[in-house]
Amino acid sequence: MFCYTKSNMAKLTRDDVLKLAGLAKLELSEDEVDKFTLEISEILGYVEQLQAVDVEGLEPTYQLTGLSNVMRPDEIVDYKIERSELMKNLPAEEDGQIKVKRVLA
Amino acid sequence: MSQWPSVKDLASDVNSGRVSASEQVEKALKTIEEKKEFNAIIATLADRARQRAKTIDDRIKGGENVGRLAGVPFIAKDNFLTFGAETTAASNILKGFEAPYQATAIERLEAEGAICVAKANLDAFAHGSSTENSDFFTTLNPHDKSKVPGGSSGGSTASVVLDMAPFALGTDTGGSIRLPASFCGAVGYKPTYGLVSRSGVVAMASSTDVIGPLTRTVADSALVLDIMAGTDELDSTSIVKDKLGYELSPTVANLKGQKIGVISEYMSEGLEPEVKDSINKAIEALKQAGAEIVDVSLPSLPLALAVYYVICPAEVSSNLSRYDGQRYGFSKQDTTNLDDIYKQTRSIGFGNEAKRRIMIGTYVLSSGFYDAYYKKAQIVRTKLVKEFEDAFKKVEFLIGPTAPTTAFGVGENIADPLKMYLTDIMTVAVNLVGVPAISVPCPVSDKMPIGLQIIAAQHQDRKLLEIAQLTESILK
């Protein structure tokens, strides 16, 4: 139950990791790329065991207690939170609005 | 010996005016200060707690009954949104974040007179099994400072064992309440999925995240759960609570004729000998008390960790995409365009484990690999759900160890993420199938605690707490 063999198979390349980082909006140092290439490959090697499992006739489980389409009345509820309370955490604002950097480089 | 009476007695003493809420808050703050070197606490809410205590004391002088938790101090894991201090989830990216509203769980406890006195350390965003992934510092085990307290609710659990407050709140996504309870010698309760609203709690893996108490006794856990449980319009996954509630009466049913299944897969090779010995003794004690003990096999259990480490990172990568440096928390402002602010904020603000999980999640959800990893894991999850359902047709409860080992050394597993993940091998299946489970301390020969895990079917929280209370009294 607790044994595991480390997969030596290089599951991911450095380029794969760089691509993943880009998709997730992360910038990695050279050392980080090396480290994550190894570690993530190992973890993917471990979860590889799922491929061999026979799941014939089974459906995925996305929700555990059988709830679906939980609705609420379409009414405005006043949660008594001041606009200023929501704005106080903004890193940058102008005229009461969120200020963002320019989109095009 | 604890400086705190039971939660119920403390609230009744405060309500009757025998002791004051202010005295309780001062006692908690003093203990927090005295035991600072364990790094259990990120911040205290001293000013707000003192104010609330004064208000409560005034109301009691005015003849009011303030509620079932009148003047009871508690400590919240720092992934609960609270007033009175920053909410950081022990992450650099949320540093400076002041919550504009409080978690439903906190609101419900406060409505009964409880007072939040501090925010506890955790693995950043609750990613981890030792608190070593906290972006700030590592919490130390109250029984041995060279050992970890377990995680991710390690600060909350240590705070209760260090007697800082009568109870603490944790979250459990793959074992984060039960594992530290086992490592530190506390009672840790993980309710049925959805029983406690998660509104206002920093999301990790939404299909398994739950909120629960860490306490010294099962009765305290039951009372705190009773107050937090039930539907909340702010969390559409919340479920109704048991009609009878969860507060336990001192005299409950006995163990005679109760059918309890020992999980064979959890008692197999790989279990530390002391843990096996301690759990076997506990099982024997339950048998002596009249329980009918049988072996039960759930053949897919060895796959649970692999399922978890596909589903959890997938949900993490999605939940952490909101940290973009635009609305709250850390933001790298001295950048030239929007894409740079995203990248630099996230690269500086997230620690190693968050980055690792975000990238694994991004991988298993990406178009070429979605079916092979994410969908396949969700289907294997169904296998687990069915095996648990079948097991609960044969027995009322399942038992086994909470963890295969006692607390490991600080630094021992940090360089090997996969080995660290294996710490959760006995707790994750419960989260994947949504059933309730509790870790109760076992008698030990050595000083390091060991937890007995008891598991029940979905919605059987009340029965589980009842049998856990019986077990606790038998093992004492």
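Two residues are taken to be in contact if their C-beta atoms, placed from the backbone, lie within 7 Å. All views below show a predicted model.

**View 1. Helices α2 and α7 of chain B on the strands of the sheet.** Helix α2 of chain B, residues 21-34, lies across β1, β2 (73-77) and β3 (115-120) of that chain. The angle of α2(B) to β3(B) is about 15°. Helix α7 of chain B, residues 218-228, lies across β4 (167-172), β5, β6 and β10 (437-441) of chain B. Relative to β6(B), helix α7(B) runs at about 145°.

**View 2. The open sheet of chain B.** Eleven strands of chain B make up an open sheet with mixed pairing. Their order is β1-β3-β2-β4-β6-β5-β10-β11-β9-β7-β8. The edges are held by β1 (41-44) and β8 (292-296) of chain B, each with a single partner strand, so one side of each has no neighbour in the sheet. On average, and with direction ignored, neighbouring strands of this sheet are turned by 25° against each other.

View 3. Strands of a sheet pair through backbone hydrogen bonds, in either a parallel or an antiparallel sense. In chain B, β5 (residues 187-190) and β6 (residues 210-215) pair in the antiparallel sense over two bridges. B:V187 has B:T215 of β6(B) as its bridge partner. β5(B) and β10(B) also run antiparallel and are joined by three bridges, with B:K190 opposite B:A437 of β10(B). Between β10(B) and β11(B), residues 451-455, there are five bridges, and these strands run antiparallel. Here B:S439 stands opposite B:Q453 of β11(B).

**View 4. Burial of strand β10 of chain B.** Five of the five residues of β10(B) are buried. In a regular strand the side chains alternate between the two faces of the sheet. Both faces of β10(B) are covered, with B:A437, B:S439 and B:P441 buried on one side and B:I438 and B:V440 buried on the other.

**View 5. The largest nonpolar core and B:I454.** The largest nonpolar core has 180 residues, and those touching the most other members are B:F74, B:V117, B:A304, B:V307, B:V310, B:M359 and B:I454. Helix α9(B) gives the most to this core, with eleven residues. Leaving aside residues up to four places away in sequence, B:I454 touches B:F397, B:I399, B:A437, B:I438, B:V440, B:L464, B:I467, B:A468 and B:T471.

**View 6. Packing of helices α9 and α11 of chain B.** The axes of α9(B), residues 304-319, and α11(B), residues 352-365, are 7 Å apart and meet at an angle of about 105°. Angles of 65 to 115 degrees count as roughly perpendicular, and α9(B) and α11(B) are therefore roughly perpendicular to each other. On α9(B) the contact is made by B:V310, B:P313, B:A314, B:V316, B:S317 and B:S318, and on α11(B) by B:R357, B:I358, B:I360, B:G361, B:T362, B:V364 and B:L365. Eight of these residues are nonpolar, four polar and one charged.

**View 7. The contact of chain B with chain A.** Chain B contributes 64 residues and chain A 50 residues. On the side of chain B, two or more residues come from each of α9, α10 (338-349), α11, α12 (371-394) and α13 (417-421). The largest share, twelve residues, is that of α12(B). This side of chain B divides into 31 nonpolar, 21 polar and twelve charged residues. The elements of chain A run α-α-α-β-β from the N terminus on, and 18% of its 105 residues are buried.

How values were computed. Residues are numbered from 1 along each chain as its sequence is written. Chains are lettered from A and ligands numbered from 1 in the order in which they are written. This is a predicted model: local features need pLDDT of at least 70, side-chain atom pairs count only at pLDDT 80 or more; totals for chains, interfaces and linings use all residues. Axes are lines fitted to C-alpha atoms, for helices over the stretch in contact, and angles run from 0 to 180 degrees between N-to-C directions. Helices (H or I, at least four residues) and strands (E, at least two) are DSSP runs, numbered from the N terminus. Angles under 35 degrees count as roughly parallel, over 145 as roughly antiparallel, 65 to 115 as roughly perpendicular and the rest as oblique. Ala, Val, Leu, Ile, Met, Phe, Trp, Tyr, Cys and Pro count as nonpolar, Asp, Glu, Lys and Arg as charged, and the others, Gly among them, as polar. Two strands pair if DSSP finds at least two bridges between them. A residue is buried if 20 or more other C-beta atoms lie within 10 Å of its own, exposed if 12 or fewer, and partly exposed in between; C-beta atoms are placed from the backbone. A nonpolar core is a set of buried Ala, Val, Leu, Ile, Met, Phe, Trp, Tyr and Cys residues joined through C-beta atoms within 7 Å.
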